Amino acid sequence: MKIERILSIVAVLVIAIIFTACDIKNKKEKEMEEKNNPEATIEMEDGEKIVIELFPEKAPNTVNNFISLATSGFYDGLIFHRVISGFMIQGGDPFGEGTGGPNYSIKGEFANNGYTNNNVSHTRGVISMARTNEMDSAGSQFFIMHADGDFLNGDYAAFGIVKSGIEEVDKIASVEKDANDKPLVEQKIKTITIDTKGVTYPEPETIKR
């Protein structure tokens with residue numbers, strides 16, 4: 001009788017644990033469904049699109065900056081000027097060669113710059129801000145990871161991930177290029193549109209250059 005009672009208690013505990021685990025899983029799934037992160041759609045000149053979910057909870061000012069530039073038309077007509085297969089594709093420079101920007105910069109939201117809230121890893125499809133050796137030098141240039149690159153973690157402000165259109169990233173990464181990794185045939189962005197999901201995002205805090 002004692003053994004049967006013990007087994008009965010164990011069975012009840014196991015069932016309770018299973019139900020608790022299911023409840024936690026359901027709550028997490030519900031939270032994910034309720035998350036209304038903004039989305040950026042990069043439309044290329046040939047009509048192909050890359051849709052990116054942005055992470056304002058991880059890099060708020062970086063996201064504000066990207067949304068502001070995109071909605072102002074800053075990125076319209078710019079190219080991916082540096083592409084490295086197996087690494088990343090980079091764009092957002094108005095000069096098309098890696099030195100341009102919006103005449104300001106933003107604070108780098110990454111760990112080695114004293115910002116600890118951004119734990120987004122540089123995995124395939126993640127979008128992040130390009131910068132010089134100065135921590136707070138990012139402006140408009142961004143890159144999308146073609147492959148995992150965790151060696152960048154903590155040194156660059158990752159702020160979103162590709163939801164659809166990763167095959168377009170693959171295509172851009174595979175084009176012929178010159179000695180400076182610039183595509184021989186321009187990979188031009190027609191426009192970048194933003195779906196804020198009804199949320200109003202403020203203008204970014206900037207640093208004069």
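**Exercise 1: the core.** Which residues touch the most other members of the largest nonpolar core in this predicted model?

*Solution.* Start with the 33 residues of that core: Ile42, Phe66, Phe142, Ile144 and Ile192 are the ones that touch the most other members. Next, ask where the members come from: H2 gives the largest share, five residues. Then check for a further core. There is a second, separate one of 10 residues, and Phe55, Val120, Met145 and Ala158 are among them. As background, nonpolar side chains tend to be buried together in soluble globular proteins.

**Exercise 2: walking along the pairs.** Take S1, S2 and S8, then S4 and S7, and find how many bridges join each pair.

*Solution.* 
- Step one: S1 and S2 are antiparallel over five bridges. Glu43 stands opposite Lys49 in S2.
- Step two: look at how S1 runs into S2. The two form a hairpin with four residues between them, and Gly47 in the turn has a positive phi of about 95°.
- Step three: go on to S8. S2 pairs with S8 over four bridges, again in the antiparallel sense, and Leu54 faces Gly160 in S8.
- Step four: see how covered S2 is. Five of its six residues are buried, so the strand is mostly covered.
- Step five: move to S4 (residues 88–91) and S7 (residues 142–145), which run antiparallel and are joined by four bridges. Here Met88 stands opposite Met145 in S7.

**Exercise 3: the rings.** Count the aromatic pairs, then classify Phe66–Phe159 and Phe74–Tyr75.

*Solution.* The count comes to eight aromatic pairs. For Phe66 and Phe159, the ring centres are 5.3 Å apart and the planes are at 55°, so call that pair tilted. Phe66 is in helix H2 and Phe159 in strand S8, so the pair ties together parts 93 residues apart in sequence. Both Phe66 and Phe159 are buried.

Phe74 and Tyr75 work out otherwise: with 5.6 Å centre to centre and 90° between the planes, the pair is edge-to-face. Now compare accessibilities, keeping in mind that buried means under 20%. Phe74, at 23%, is partly exposed, whereas Tyr75, at 0%, is buried.

**Exercise 4: a charge over a ring.** Where does the charged end of Arg131 sit?

*Solution.* Find the ring of Tyr156: the charged end of Arg131 sits over it, 4.7 Å from the ring centre.

Notes. Residues are numbered from 1 along each chain as its sequence is written. This is a predicted model: local features need pLDDT of at least 70, side-chain atom pairs count only at pLDDT 80 or more; totals for chains, interfaces and linings use all residues. Side-chain values use heavy atoms; hydrogens and water are left out. Two strands pair if DSSP finds at least two bridges between them. A nonpolar core is a set of buried Ala, Val, Leu, Ile, Met, Phe, Trp, Tyr and Cys residues joined through side-chain atoms within 4.5 Å. Buried means under 20% relative accessible area, exposed over 50%, partly exposed in between (1.4 Å probe, protein chains only). Rings of Phe, Tyr and Trp (its six-membered ring) pair if their centres lie within 6.5 Å; planes under 30 degrees apart count as stacked, over 60 as edge-to-face and the rest as tilted. A charge sits over a ring if NZ of Lys or CZ of Arg is within 6 Å of the ring centre and within 35 degrees of the ring normal.
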